[in-house]
Amino acid sequence: MTIHDTDIIVIGAGLAGLVAAAEAADAGKRVLLLDQEGEQNLGGQAFWSFGGLFVIDTPEQRRLGIRDSHELAWRDWQTTAGFDRPEDHWPRRWAEAYVDFAAGEKYGWLAAQGVKFFPGVGWAERGGQGASGPGNSVPRFHITWGTGPGVVEPFERRVREHVTAGRIAFRFRHRVRGLNITDGVVHGVHGDILEPSDVGRGEPSSRVVVDDFDLNAGAVILTSGGIGGNQELVRRNWPTARLGPAPEFMISGVPKHVDGAAQAMAEAAGAHLINRDRMWHYTEGIRNWNPIWPMHGIRILPGPSSLWLSPDGTRLPYPNYPGFDTLGTLQHITTNGYPYTWFVLNRAIIKKEFTLSGSEQNLDLTDRDLRKVAGRLGKNVAPSVQAFMDQGADFVVRDTLPELVRGMNEAIGNDTVDYEKVAREIADRDLQVANVFGKDPQLAVVRGARAFINERLIRIVKPAPLLDPASGPLVAVKLNILTRKTLGGLETDLHARVLRPDGQPMPGLYAAGEVAGFGGGGMHGYRSLEGTFLGGCLFSGRVAGRCAAGAVD
């Protein structure tokens, strides 16, 4: 008989792992929380996030006059996910359960733990392909007061309280190499103990092995994250038939240790990994001028006014506009073989419409500093954006259009950008702004969105000529593909039990968060509505922690 070291082992101390551990300990179980990184990385990728959460029919929405509903949100999810495979059974079930959660107890559950939201609600993934197409019909992107750290905070607090009480114990620098399985039942893990490392959060840490370990428990919960930091694996899983070849150059939105190793380990042990070709990579990536991890990239969260150009200066066709449809625009870019694209805009647009994703890029919100947040309404460009304008390798800032195009070509080292094409695209666009109507669909969307008070006051600039000297200088931003999220994953049922290829559970093994495609092996389908990654970690981590605790004597 195997002697258990604890009741439950949780592999991965990111958001899903913290939630699962806290829920299991709340149920009276003893938990070991393992992570290959040091304690300084507690909270995982959630710490670096902007803290956006998808929530339905909230007080914040109602105060702004947004009429949302479960019915509308579920329809948006289905048209966005595009479930079309036999293996989408459990992903679809998880999606439906998650929308129920987001329209029901999610808001109150988080509020009871001290989570608060910024009053403005963001409109991510606006769609643009009609009522039956992908995208959010209404704004649902709720920014946590405190950004990503504000989401992590209550769950870290709960875990540390259980550590003090003796119900949870950390095991940092423990890299899991395999599952302990006897007669088909998962009852533990084994692997390497890595030497201590004091590098900063997100920085590459030592992989020197100093010992090994073998731990047993009544259940194992895998919450080890995705593959976004492993570009080799991203390229191996890239859906060439759907998206064309992967770009030769991509930047990474997550640290190098987000490598998919534990997911591969589970698959080798008999777990069913599905939808591995479904990933969520951003089209608006910029190289971080102050990088923390290799190929460190930041995503621009753009308003809809920037002119989006191909490498030679041709405007991208409708509906490939900023903030509309990430996957659709990615498909356009990669199937055309574009190695990069450009935003062309001016200071007025960048001041109001550029937000950079990440807790460290939004210190006013992260630090909960009302005075600095109010500064966003002032005349100055946000400090984090200004830093990229001044020092970012992908930014070109010039006073005139000929100078701008010359700077763009200097940035890429050739003459690909055609001045005449850029000048014509801008002139055609600027001719459409004199009237409150016109034939330019991008401007029509801008004008329509400004009817929403939140968009008009803090998010979208009034349409005006790009070449208006009063709105200058001109800005061009070279946009790279940014690797980020894994939408497929280990197949799980609604109890978060990991399934085998035959559809039967692997006794003793559970999974939550990105390693499980945030639930079921891919609850987002092909696309995300945004704000659903942190929410997926919260929901699936809660389910896994509670269900594993209920199954362990």
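## Salt bridges in the predicted model

Arg542 is buried, with a relative accessible area of 6%; buried means under 20% relative accessible area, exposed over 50%, and partly exposed in between, as computed with a 1.4 Å probe on protein chains only. The model is predicted, so local features need pLDDT of at least 70 and side-chain atom pairs count only at pLDDT 80 or more, while totals for chains, interfaces and linings use all residues. Residues are numbered from 1 along each chain as its sequence is written, and side-chain values use heavy atoms, with hydrogens and water left out.

A salt bridge is a side-chain nitrogen of Lys or Arg within 4 Å of a carboxyl oxygen of Asp or Glu. By this rule there are 34 salt bridges. One of them joins Arg542 to Glu105, with the closest N and O atoms 3.0 Å apart. Because Arg542 lies in helix 20 (residues 532–551) and Glu105 in the loop between helix 5 (89–103) and helix 6 (106–112), this pair ties together parts that are 437 residues apart in sequence. Helices (H or I, at least four residues) and strands (E, at least two) are DSSP runs, numbered from the N terminus.

Arg126 and Glu455 also form a salt bridge, at 2.5 Å from N to O. Arg126 is in the loop between strand 4 (117–122) and strand 5 (141–144), and Glu455 is in helix 19 (residues 453–458), 329 residues apart.

Accessibility of the partner residues is as follows.

| Residue | Relative accessible area | Class |
|---|---|---|
| Glu105 | 46% | partly exposed |
| Arg126 | 11% | buried |
| Glu455 | 1% | buried |
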